[in-house]
Structures are given as C-alpha cells and as structure tokens.
Amino acid sequence: MANVVVVEREPYVTKDGKSFFSYFVKGVIRGREVKAYVKPQDNGGYQVLEIVFNGEDKANLKITPFEMKDETGNIINGNTYEVESTDENGEVYTCKVKPDKQSDKMLLKMLGR
C-alpha cells in the first residue's frame with residue numbers, strides 16, 4: 001500500500017432518535033474531494049469497531065491485496081480491508097470491514113494507490 005489511509009467516524013442520529021456512527025475514508029482523487037463509506041461484515045462488527053476506535057475519531061485502514069482462482073480457473077483479484085489501531089502497550093486491535101457500496105469499493109481502490 002503506497003498511502004496511509006485513515007478511516008474516520010462521525011455520529012448520526014436516526015429518525016427515531018438513536019445515535020450511531022458512520023465510518024468513511026476521505027481523500028482527493030483528480031482534484032475532487034471524495035468520501036468512501038465502509039461497514040463491518042455483520043452487525044456485531046459495530047461493537048468491534050467501537051473497541052478498535054476506543055473513543056477516537058480516526059484509525060488506520062489496512063488494505064491487503066489478494067488473488068485466487070475460482071472453480072472455472074479464472075483469476076479473481078481484489079482487496080480485503082481492516083480497520084486497526086494500536087494501544088499504549090503496543091497491542092493491535094482490528095476489525096474487518098467492507099465497502100458499503102460498489103462505488104465505495106472503486107473509490108477505496110483509487111485512494112489506496
């Protein structure tokens with residue numbers, strides 16, 4: 001990964017008054033400011049993200065490329081994503097995330113160059 005990519009979080013309130021966080025990566029691509037949203041792989045992952053962020057508003061995004069063959073022999077490649085932070089004792093905390101939408105996946109690929 002050429003660039004250090006940071007995941008940020010910001011609170012939002014639903015119509016019924018519940019408070020949650022949205023998670024995103026901000027950057028500039030070809031002079032345009034963009035936001036790519038990420039989310040945990042399941043709903044339980046939101047609790048894990050809270051542990052990773054530990055009250056902070058930013059954490060690093062680890063992007064790991066992969067390549068594999070499918071059952072027909074075609075090669076599939078892409079990236080896996082993890083939000084990670086390190087505590088004062090050097091302990092690393094991680095949570096796997098995925099792009100929220102297909103467009104977020106494309107933006108993350110561009111930002112991770």
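D100 is partly exposed, with a relative accessibility of 32%; the term covers values between buried (under 20% relative accessible area) and exposed (over 50%), found with a 1.4 Å probe on protein chains only. The model is predicted: local features need pLDDT of at least 70, side-chain atom pairs count only at pLDDT 80 or more, and totals for chains, interfaces and linings use all residues. Residues are numbered from 1 along each chain as its sequence is written, and side-chain values use heavy atoms, with hydrogens and water left out.

The side chain of D100 meets that of K39 in a salt bridge, at 3.4 Å from N to O. A salt bridge here is a side-chain nitrogen of Lys or Arg within 4 Å of a carboxyl oxygen of Asp or Glu. K39 lies in strand β3, whereas D100 lies in the loop between β6 (92-99) and α2 (102-111), so the pair ties together parts 61 residues apart in sequence. K39 is also partly exposed, at 26% relative accessibility.

The count of salt bridges comes to five. Among them is the pair R9 and E50, at 2.8 Å from N to O. R9 belongs to strand β1 (residues 5-13) and E50 to helix α1 (residues 45-53), 41 residues apart. R9 is buried, with a relative accessible area of 9%. E50 is partly exposed at 31%. K35 and E10 form another salt bridge, with their closest N and O atoms 3.4 Å apart. K35 sits in strand β3 (residues 32-40) and E10 in strand β1, so this pair joins parts 25 residues apart in sequence.

The chain holds two helices and six strands. These are DSSP runs numbered from the N terminus: helices are H or I of at least four residues, strands E of at least two. Their order from the N terminus is β-β-β-α-β-β-β-α. The C-alpha trace spans about 50 × 35 × 30 Å along its principal axes. Of the 113 residues, 29% are buried. Contacts are heavy atoms within 4.5 Å. Among contacts with a separation of 6 or more, 49% come from residues 24 or more positions apart.

On the surface, F66, M68 and I76 form a nonpolar patch with about 250 Å² of accessible area together. Patch residues have over 30% relative accessible area and no salt bridge; like charges are joined within 9 Å, and nonpolar side chains (Val, Leu, Ile, Met, Phe, Trp, Tyr) within 5 Å. Accessible areas come from the Shrake-Rupley method with a 1.4 Å probe; for residues, only the protein chains shown count as cover. M68 is placed in strand β4 (residues 58-69).
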